[in-house]
Amino acid sequence: MSGAVRTEGIVIRQTQTTGARKMVLLFTREAGKLSAGAYGPERGKSGSALAFRPFTRGLYELREGRPGYFSVTQAEVVDACFAIGEDADRFAEASFVLEFTDKLLPERGACPEIYDLLTDYFDLVQARRDDFRLLTLSYLIKILQLTGVFPEAAEVARELRIDPNDDILNCMSFLLENPLKRMEKLTLKPEEEDRLFALLRRFAGDHLELGALKSEKMLRSQRKGDIPWK
């Protein structure tokens with residue numbers, strides 16, 4: 001990337017540095033994950049402040065100075081994702097998904113399919129009133145498939161260490177065979193969701209060397225009785 005480029009992106013996190021300057025980690029559709037410096041107020045509901053909040057999807061004009069160093073010269077909010085912060089369960093699930101995605105993304109590698117999947121997840125989790133975990137389960141399967149580590153359907157039982165006669169495989173098969181958007185109004189029993197989450201999280205930990213995430217403490221506090229994934 002050279003010169004200035006305008007791209008859609010999702011804010012993964014921001015870090016305040018000095019004065020009104022901040023560093024923003026963006027997941028952009030065209031250029032993948034990158035860090036950029038930006039100026040603007042840290043607080044408030046102005047467009048410039050919202051454009052750099054985690055979860056926000058916006059249009060960003062990026063200029064590359066020296067190689068690998070970017071600055072945001074313009075920012076426009078597309079969706080501030082206010083609804084994510086209006087429910088503790090919704091916020092916990094979305095925080096986990098955002099951090100999980102961050103850990104899987106390469107630096108400076110375009111991943112448009114994952115970007116579209118994440119925007120779909122944020123749209124659906126904001127619209128849904130409860131049982132946000134089902135969306136998270138579907139998202140985890142889809143992103144693991146996109147990264148190429150999730151097993152083929154015939155190998156799921158063996159790779160995830162599930163008894164071939166276990167009924168939980170029916171739930172797993174349904175999630176595998178249907179797109180994320182199909183989960184918009186569907187539900188599963190809480191105990192089934194908890195088992196599936198534990199299986200998927202353990203699989204990700206084993207195959208991606210993915211250790212504990214900061215968001216998991218909050219996630220567990222919202223889902224009392226979760227089966228530990230370790």
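**Notes on a predicted barrel and its helices**

1. Let's start with the barrel: five strands close up in the order β1-β2-β3-β5-β4, with mixed pairing (strands pair if DSSP finds at least two bridges between them). Going from one strand to the next, the twist averages 50°. Helices (H or I, at least four residues) and strands (E, at least two) are DSSP runs, numbered from the N terminus.

2. A word on the ground rules. This is a predicted model, where local features need pLDDT of at least 70 and side-chain atom pairs count only at pLDDT 80 or more, while totals for chains, interfaces and linings use all residues. Residues are numbered from 1 along each chain as its sequence is written, and side-chain values use heavy atoms, with hydrogens and water left out.

3. How far can you trust it? pLDDT is the predictor's confidence in each residue, from 0 to 100. The protein chain has a mean pLDDT of 90, with 92% of its residues at 70 or more. Among the elements, α3 has the highest mean (98) and helix α1 (residues 47-50) the lowest (77). Watch residues 225-230, where pLDDT is below 50.

4. Zoom in on one strand pair. Strand β2 (residues 21-28) and strand β3 (residues 32-39) are antiparallel partners over eight bridges. V24 sits opposite A36 in β3.

5. Now the helices against the strands. α2 lies across β1 (4-16), β2 and β3, at about 115° to β1. Helix α3 (residues 112-127) packs on the sheet and touches β1, β2, β4 (57-64) and β5 (70-79); contact means heavy atoms within 4.5 Å. The angles run from 0 to 180 degrees between N-to-C directions, and axes are lines fitted to C-alpha atoms, for helices over the stretch in contact.

6. Next, α2 and helix α4 (residues 133-146): their axes come within 10 Å and cross at roughly 10°. The two helices are therefore roughly parallel (angles under 35 degrees count as roughly parallel, over 145 as roughly antiparallel, 65 to 115 as roughly perpendicular and the rest as oblique). Their contact includes F96, V97 and F100 of α2 and Y139, L140 and I143 of α4.

7. Finally, helix α2 (residues 88-104) and helix α8 (residues 215-222) have axes that come within 9 Å and cross at roughly 150°. That makes α2 roughly antiparallel to α8. Among the residues in contact are F91, A92 and S95 of α2 and M218 and L219 of α8.
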